[in-house]
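Hi everyone, and thanks for coming. Let me put the structure up on the screen, and then we can walk through it together.

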Amino acid sequence: MSTARAERLVNLVLCLLSTRQFLNADRIRGIVPGYADAPTGDAFFRMFERDKAELRDLGIPLETGRNSGFDGTEGYRIARRDYELGEIDLEPDEAAAVALAARLWDSHDFADAARRAVVKLRAAGIDVDQGTAPAVEPRVRISEPSFAVLHAAVQAGRVVTFDHRRSSSPEPMRRVVEPWGVVSWRGRWYLVGHDRDRDATRCFRLSRIVGTVTPSGPEGAVTRPDGVDLLAIVAATAEPPPPAPPALLWIAKDRADGLRRHGRTVGERVVGGVDGDLLEIEFNHSGSVSDWIAGYGPDVLVVEPESLRESVREVLLGAMGEGER
């Protein structure tokens, strides 16, 4: 959804919430910013019809009616009693799960949606504690620029076209795909769908998409077949990541038991006057390794490889910066 349309929908909702009367289309056109840009009356009505359908799809109760028997024009409003969040009764573990889900997405688009959900729950009197950090906090880092477009295309059921570079060739190839879903496998993101040119099911690694992704066709043209297991398709066809050499970590004595369980002790060392052990640990993939290690603070230091040490350092510097703000 474009920014202009999103702002227009928000203005429309605020307008219809702030009135007790039914407002007809002409009145709405004059009040709501964005509708004045329509060049003709027909263009406005088409725009308004799409916006009404969008609000109803979002679950917003749009009422239609007339203010009196002498009013010959149908109007619109949103009843606050129907729009406001109803009573919600969550158990403590359910409220904790909502807070955890709100922290799960490390993407601007999805983080905003999660924060809005938490605000609504708090407004309803649910104690959603986002300040208490769990022992292990998952993070989903979405750095692929094509993720948002592909996710939106899956939700809308639209065909996508993009250039994809295969592992065996540096030259990208044009692909036309009916997208079924975007899933994460071993720290990488994949699109799964029906490749029209090859008339077969295919999966595509998002990091190998070159340039922009272009959705096309009407909404609802693509539907995911029943019983399709997207993760099973990726696991069966995606190339395995190259094996990484074991990392060498210094861990303070009697600390970071979670890391210790995954490694083997190869020596001892004193760092900054603190006794510790040297452990070799093999990580299958690096999706959240840096966050995991950084979570132990000064109790764990990366000796090698250099790339992992720098990655952990960036995570710690980022956390310090967030704390200063």
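Which residues have the most contacts inside the largest nonpolar core? Before I answer, a word on what you are looking at. This is a predicted model, in which local features need pLDDT of at least 70, side-chain atom pairs count only at pLDDT 80 or more, and totals for chains, interfaces and linings use all residues. Residues are numbered from 1 along each chain as its sequence is written, and side-chain values use heavy atoms, with hydrogens and water left out.

Now the answer: Leu-12, Leu-16, Ile-28, Tyr-35, Phe-48 and Ile-78 have the most contacts inside that core, which has 21 residues. By nonpolar core I mean a set of buried Ala, Val, Leu, Ile, Met, Phe, Trp, Tyr and Cys residues joined through side-chain atoms within 4.5 Å. Buried is under 20% relative accessible area, exposed is over 50%, and partly exposed is in between, using a 1.4 Å probe and protein chains only. At least two residues of this core come from each of α1 (3-17), α2 (25-31), α3 and β2 (75-78). The largest share, six residues, is supplied by α1. Those element names are DSSP runs numbered from the N terminus: helices are H or I with at least four residues, and strands are E with at least two.

Let's stay with Tyr-35 for a moment. Leaving out residues up to four places away in sequence, Tyr-35 touches Arg-8, Leu-12, Ile-28, Arg-29, Phe-44, Met-47, Phe-48 and Asp-51. A contact here means heavy atoms within 4.5 Å.

Next, helix α3, residues 41-57. Which residues of α3 are buried? They are Ala-43, Phe-44, Met-47, Phe-48, Asp-51, Lys-52, Glu-54 and Leu-55. These residues cover an arc of only 170° around the axis, which puts them on the same side of α3. The arc is that of the directions from the helix axis to the C-beta atoms. On the other side of α3, Asp-42, Arg-46 and Asp-57 are exposed. After α3 comes Gly-59, with a positive phi near 85°.

In α7, residues 147-156, the buried residues are Phe-147, Leu-150, Ala-153 and Val-154. Seen down the axis of α7, they fall within an arc of 135°, so they line one face of the helix.

In α8, residues 230-237, Leu-230, Ile-233 and Val-234 are buried. Their arc, seen down the axis of α8, is within 95°, so they too line one face of the helix. The cover over the buried residues of α8 includes β6 (172-185), β7 (188-195) and β8. At the start of α8, a side-chain oxygen of Asp-229 reaches to within 3.2 Å of the backbone nitrogen of Leu-231.

Now for a pair of loops. Ser-207 sits in the loop between β8 (200-205) and β9 (209-216). Is Ser-207 buried or partly exposed? It is partly exposed, with a relative accessible area of 36%. Its side chain makes a polar contact with the side chain of Arg-205 at 2.9 Å. A polar contact is a pair of N or O atoms within 3.5 Å; within protein, one must be able to donate a hydrogen and the other to accept it, and residues adjacent in sequence count only if both atoms are side-chain atoms. Ser-207 also touches Glu-144 and Arg-165, not counting residues up to four places away in sequence.

The other loop, between α10 (289-294) and β13 (300-304), holds Asp-299. Asp-299 is buried, at 17% relative accessible area. The side chain of Asp-299 makes a polar contact with the side chain of Arg-255, at 3.3 Å.

Finally, the whole protein. The secondary structure comes to eleven helices and 13 strands. Of the 325 residues, 34% are buried. How many disulfides does a search of the whole structure find? Zero, taking a disulfide as a pair of cysteine sulfur atoms within 2.5 Å.
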